[in-house]
Amino acid sequence: LGGGVGCGSVSSDNHPAPMLVPGGAIGGGAINGYLNVYVIDGDSYAPVAGAAVEVGASPSASPCMGLADSTGLATFDPMGCPGLRGKVTLTASATGYAPTTWIGADGANLTITIQATTRPAPDTANVSGTIAGWESLPAPAAGHTTIGLVANSQTSNLGDLANSITQPTRTISIGSTALTTTIPANACVKNALADDCNWQLIARTGQQAHFAIIVDDDTNGTPDDTTDDVITPVGWALLTGLSLSKDQTTVNETLPAVAAGDLVPFTASFPALPAGMTYFNAYPAIELPGGEGRIPAVVPTLGANVTMTSVPKLGGTTTVGLAGGSYDLLAQAQATMTAGEPGTLTWMHGVNVGPTVALASWLSPPTGIAASGGTYSFVPVTGATLHSAEFKDPTGGGRTWSVTIFDGSTTFTLPGLLPNPLATSSGMDTLTVSALVIPGVDLTNVGFNEAEQKLTGLSSDQISFSP
C-alpha cells in the first residue's frame, strides 16, 4: 500500500494532480478545498463516462454535484463546492449500475468503483488435454473411483467472475459397451466402468497455471449418495508459465505429474464455531510467483472430519514453477451448509506447512442490523478495520446499492437518487453488513486491490426489510 496512490504538493489548499488507481483507492493527502474522483467499472476498471458524483452528507439539502468526463473523472474545487474540508461522504451512480456510497473517505484523490447491474461475462479460452501417466495409474478398489479434477489458477481478486466460470459436462463411454454416462468436462475418471482422461476446460485469460488434483473417491457403498463419500488425495499434476488470450483454443495439453516426493502434507486445526454457525470448511491455497494467481486446493475440503491433505512442494524437482510461491489457508464458517448468513471467513497468509496450521479464532459477524424509515444501523465488530453494507433485491438477484464506511459510523442514510434503486424493488430487500480486518492498512492512502491481499478476516450477517 502507501506510496503512489496519491500525488501532488500541498499548500494552504491541497490540489493534487488527479490519479486513477485500478480497483479503487484513497490518497492524495487530506481534502482541503479540492477533490478528484474517478468513477470506474468494478469488473473491467474502465472509466464510467457521465457518472454522477454527489458529495455531501446523506441526505443533504445542497450536495456538491459533478459529472465524470470521458476519462471517468469528476473534479470539485472551492468555487463549485465551498467548504470542502476533511472527511466526505460521496455517492457515485450511473445508468445500468448499482450506486456506491463511501462514508468518511479522507483523501483528495479517490477512485471509486461501481458495479454493473448486469455484470459482463469474463473473457475465456478453451483448453483440452490429458494428465501424464493417467493410463498407468492402478485400477481403484471395488466401490472406489479415481478422479482427476482439472482447473486453472484463480486471479488474486476474490470477487472476480473469472474465478467462478461454469464448466460444462461431457459424455464418456462405459467400458466396451455402447452405453455412455455424463461427467464434468474438466474431470478424468477411472473405475470398474470407465477410464477416460480427455478433459476439457473453459479457462480464464491472462497468465495462469493449470493443475489437476487426483483423489480416490470411496462411495462407502452408496454410489447414489455423495454425502458420505470419503475423498483421499493421491496425487497432483501441474503446468505453470501459461498465458491465454480471449477465445484462444489449445488442444493436446498434457499436465505433468507431480512426483510423490514433491508432495507435502498440509494439516490444519480449527477452533469452536461462532454462535449461530454450524458448518465450516477450509482449503489450502498456493500463491504463485510471477503473477499467475492462486491455486486453491479445494479437493478434499478440510473440515470437521478431514483435517489433512497434500499439496505440491514449493520448488521441488517436478514443481520448479512454484519456487518463490507461498501457502495460504482460507477457512469459512456459516449458519448451515446451505445458508451462508451469518458467516465468517479467515484468511491466513504465508503459513508454514511443516507443523499443523492452527486457525486461532473466527471473526464474529456484525449484530443488531436494523432498517427503519430509511435509516440503517448495526453493532460493529471489535477490531474491524472497516465495515460495509450491500443492498440486494432478491427478485432481481443483484446488488442495488453498495456502502463502505471508513469513519466508524454505525448508522447511515442514503442520498435521494432519482431513480432510487431501492424504491424500484418489489417485496422484501436484503441488507448485508460486513466487517473486514486488513492489518496495517492506512485508510487515507490505500489501493484496494493491494489491500485485499492483506485481508485476514471477513464476516457478515443480513436482514430482510421492506424499502
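Residues are numbered from 1 along each chain as its sequence is written, and side-chain values use heavy atoms, with hydrogens and water left out.

First, confidence. pLDDT is the predictor's confidence in each residue, from 0 to 100. The protein averages 93, and 96% of the residues score at least 70. Over residues 1-10 the pLDDT is below 50, although this stretch has 33 contacts in the model beyond near neighbours in sequence; contact means heavy atoms within 4.5 Å. Where pLDDT is low, the predicted coordinates should not be read in detail.

I turn to the cores. A nonpolar core is a set of buried Ala, Val, Leu, Ile, Met, Phe, Trp, Tyr and Cys residues joined through side-chain atoms within 4.5 Å. Buried means under 20% relative accessible area, exposed over 50%, and partly exposed in between, with a 1.4 Å probe and protein chains only. Which members of the largest nonpolar core touch the most other members? Of its 36 residues, they are Val37, Val39, Val55, Phe76 and Leu90. Among the strands that each supply at least two residues of this core are S2 (35-41), S9 (109-116) and S21 (279-287). Helices (H or I, at least four residues) and strands (E, at least two) are DSSP runs, numbered from the N terminus. Leaving aside neighbours within four places in sequence, Val37 has contacts that include Val53, Phe76, Leu90 and Ile112. A second, separate core has 31 residues, including Ala209, Met277, Leu329 and Val353.

Next, the aromatic rings. Rings of Phe, Tyr and Trp (its six-membered ring) pair if their centres lie within 6.5 Å; planes under 30 degrees apart count as stacked, over 60 as edge-to-face and the rest as tilted. By this rule there are 11 aromatic pairs. The ring centres of Trp102 and Phe448 are 5.7 Å apart with the planes at 75°, so this pair is edge-to-face. Because Trp102 lies in strand S8 and Phe448 in helix H1 (residues 448-452), the pair ties together parts that are 346 residues apart in sequence. Trp102 counts as buried, at 5% relative accessibility. Phe280 and Trp362 also form an edge-to-face pair, 6.0 Å centre to centre with 65° between the planes. Phe280 is buried at 13% relative accessibility, and Trp362 is buried at 10%. Tyr376, Phe391, Phe412 and Phe465 form one aromatic cluster.

Now the sheet. An open sheet of 3 strands has the order S16-S10-S19, with mixed pairing; two strands pair if DSSP finds at least two bridges between them. Strands S16 (199-204) and S19 (249-255) stand at the edges with a single partner strand each, so one side of each is left without a neighbour in the sheet. Strand S10 (residues 124-131) and S16 pair in the antiparallel sense over 6 bridges. Asn126 has Ile202 as its bridge partner in S16.

Finally, is Gln115 buried or exposed? Gln115, in strand S9, is buried, with a relative accessible area of 15%. Not counting residues up to four places away in sequence, Gln115 touches Asp43, Tyr97, Ala98 and Arg399. The C-alpha atoms of Gln115 and Trp401 are separated by 9.1 Å, with the two residues 286 apart along the chain.

Notes:
Predicted model: local features only at pLDDT ≥ 70, side-chain atom pairs only at ≥ 80, totals over all residues.
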